[in-house]
Amino acid sequence: MSILNLFKIAIKALSNNKFRTFLSMLGIIIGVAAVIVMMAIGQGSKESVRKDISKMGTNLLSVRPGAEKMGGVRLDPSEMQTLKIADYEAILNNKKYITYVSPEVTSSGQVIYGAKNTSTTIYGESPEYLDIKKWEIASGSCFTDEDVRKGAKVCVVGKTIVDELFEEDTDPIDKVIRFKSIPFRIVGVLEEKGYNNWGMDQDNVIITPYTTVMKRLLAQTFFQGINASAISEELSDKAIEELTEILRESHSLKDSDEDDFTIRSQQEMMETMSSTMDTITIILVVAAGFSLLVAGIGIMNIMLVSVTERTREIGLRMSVGARGFDISNQFLIESVIISLSGGLIGILTGWLGTLLCNHLGFPASIPMWSIVVSFVVCTVIGVGFGYFPARKAANLDPIEAIRYE
Amino acid sequence: MVNKDKVIIELRDVKRKFIVGDEKVYALRGVSFKIYEGEFVTIMGTSGSGKSTLLNQLGCLDTPSSGEYILDGMSVRKMSKNQRARLRNRKIGFVFQNYNLLPKTTSVENVELPLMYNKEYSAKQRKEAAIKVLKEVGLGHRLDHKPNQMSGGQMQRVAIARALVNNPAVILADEATGNLDTRTSFEMLVLFQKLYSEGHTIIFVTHNPELAKYSSRNILLRDGRIVDDTINTNILSAKETLDNLPVEETVDDLITESESRDD
């Protein structure tokens, strides 16, 4: 029998049992919609993480002390005192692929203004830090190289600090706040950045010259790290090479020695994040995929019922000349129609669900390939779970089938 | 009418055994006969006589355990399932006791069914052929009716039309009047006699001995063997019998009548 006729027969048989057909389709609809929405949410959050990271600057490089291992023992990098002023100067003097450099020393504690206080982190940096982080000043200005040289007690603060310490309409510029009993004069307020994807408030910061933190706050001579930016994202690798070379020389490491510092690029970080998001997406999609499996079993069940119900019809068709092949095709096409049209409606539902997610503020975007995958999966389900009932129908004995009551 | 030059069906010592548990049961114990083109044969026997098994053999639904069955020049015994399906499609027209029409499907579509499995027919040819045979069986006015809109007699006419549509070498009727009242049964017989007069080969399997009077030949089966095979020289006209039937017969009368006949 021709495919066209088989389709006609299948559609007729399905429309004879509309509600039943709809119910078995429903499983597929829900399954496909769930998979599509999960993939869309996965993709959407990945994109938003990427956007956030690139907002921080994709050409950002950060140097931290300590190698992966030292003599078999892993040390806490913050206790290693390997990054010093000399390293910073060496970088400044030899950089080619690096635009900005800023040493970093940090300390956490309470900041006080009048009767108010809040917990925050103070970052000792050079003025170039804001360029590296692509951070703008909202009001006032940044501290200067001169301030760095003198170890001046000046700072720029994030929006959260302003909100926590000052009444509304108060201009924080030139106000003096205290951090660990040392007074800092506010010279600038940073542009608001909001929370990052790890849930950290990026505006809860005080940035001050690194010399001030080292001399007046912590009394230490080493840095916790050095931040730098490559000329461009593409040149990140070159910049890493360059940094490595400079630091190895300045640390007088022999060729056989391992690096006593690590350099990470933002790009690398982005890849790590992406792969984490991918893992989460896969878990979500697999969970949703199970509902598709259940839906497939539902189709198989209903097809088995249908075969039993239509035993006489099968017997008749065989006695007028249908081959087993014709009969199994007839039932296979029925199950493929159920699963494919269920899949189509599911994709549509998933698309609506994605719109809803976006409306509710979850970033979600449907990757094109997920639609293709849904189609393929639905066809596989239709054929796979339809095969057994179809075989059962094709293997019926026409003599018994035609007299089946 | 009978064309003695052309053998449509030839059975040579056909045996069919079934294994039931550990026992071998012979349903056919060596059946041989020839049926020529244009014969109207009734095959009779009580239940258990092997007539259903014989019908399955004749209809190529089953193959003999031993012996030879030649249908229109082709040996059936060694054929595969698919070959037999094709043979049924081209050479045989089935009429069943319970009509076996597809529900929710019009007469024309029901009659088209065998041609659906024959690639040589286009959709248009199928429809034309179906309408032609439906007119032949007197259902020209019921082309688009569905089974639930028709009487038993009309449904059986659709079934007969379906058996005719592929222009088969032989029409196999299995108790084709078994579900019908006397009057309608004779109407069916009139139709079968008309087909016989047009040269169709008909095999009518029944347990009703009365029907033998209206066929051209009668084969009697008992315990898997042929016990009688007679040519009927005095074929009664079903039309005359039908005309002489009392019109006011009620359904109850018919039931008692058929019960007493069964006894």
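Two strands pair if DSSP finds at least two bridges between them. Strands here are DSSP runs (E, at least two residues) and helices are too (H or I, at least four), numbered from the N terminus.

**Entry: ground rules.** I'm working on a predicted model, where local features need pLDDT of at least 70, side-chain atom pairs count only at pLDDT 80 or more, and totals for chains, interfaces and linings use all residues. Residues are numbered from 1 along each chain as its sequence is written, and chains are lettered from A and ligands numbered from 1 in the order in which they are written.

**Entry: the sheet around β7(A).** I began with A:V176, which stands opposite A:R185 in β7(A). Its strand, β6 (residues 176-179) of chain A, runs antiparallel to β7(A) over four bridges. I followed the chain from β6(A) into β7(A) and found a hairpin with two residues between the strands. In that turn, A:K180 has a positive phi of about 50°.

What stands opposite A:V154? I found A:R185 in β7(A) there. The pairing of β5 (residues 154-157) of chain A with β7(A) is parallel, over four bridges. I then checked β4 (residues 137-140) of chain A, which pairs with β7 (residues 182-190) of chain A in the antiparallel sense over three bridges. In that pair A:S139 faces A:V189 of β7(A).

**Entry: A:V156.** I picked this residue out of strand β5 of chain A. Is A:V156 buried or exposed? It counts as buried because it has 29 C-beta neighbours inside 10 Å. The cut-offs I use: buried is 20 or more other C-beta atoms within 10 Å of the residue's own, exposed is 12 or fewer, and partly exposed is in between, with C-beta atoms placed from the backbone.

For contacts I take two residues whose C-beta atoms, placed from the backbone, lie within 7 Å. Leaving out residues up to four places away in sequence, A:V156 touches A:I137, A:C142, A:F143, A:V187, A:G188, A:V189, A:L190 and A:I207. I also looked at A:S141, 15 residues from A:V156 along the chain; their C-alpha atoms are separated by 7.9 Å.

Entry: Most residues other than glycine have a negative phi, and most peptide bonds are trans. I noted A:D169, with a positive phi near 70°, in the loop between α6 (159-165) and β6 of chain A. A:D169 has 5 C-beta neighbours inside 10 Å, so it counts as exposed. The loop between α6 and β6 of chain A also holds A:D174, whose phi is positive at about 75° although it is not a glycine. I put A:D174 down as exposed because it has 10 C-beta neighbours inside 10 Å.

**Entry: chain A overall.** I count 13 helices and ten strands in chain A. The radius of gyration is 33 Å, well over the 22 Å from the globule rule for 405 residues, so chain A is more spread out than a compact globule. That radius is taken over C-alpha atoms, and the rule is 2.2 Å times the number of residues to the power 0.38. The C-alpha trace spans about 105 × 60 × 35 Å along its principal axes.

How is chain A divided? I have domain 1 (3-52 + 272-402) and domain 2 (81-259), with bounds from an automatic or database domain assignment. Their centres, taken over C-alpha atoms, are 56 Å apart. Buried residues make up 40% of the 405 in chain A. Of the contacts in chain A between residues at least 6 apart in sequence, 83% join residues at least 24 apart.

**Entry: where A meets B.** Chain A gives 17 residues to the contact and chain B gives 19. On the chain A side, the elements giving two or more residues are α1 (3-16), α10 (311-319), α11 (324-360) and α13 (398-402). The largest share, five residues, comes from α10(A). By class I get eight nonpolar, five polar and four charged residues on that side. My classes: Ala, Val, Leu, Ile, Met, Phe, Trp, Tyr, Cys and Pro are nonpolar, Asp, Glu, Lys and Arg are charged, and the others, Gly among them, are polar.

**Entry: a helix in chain B.** I finished on α5(B), which is mostly covered, with eleven of its 13 residues buried. Among them are B:M155, B:V158 and B:I160. The buried residues of α5(B) pack against β6 (92-95), α3 (107-116), α4 (123-136), β7 (170-174) and α6 (182-197) of chain B.
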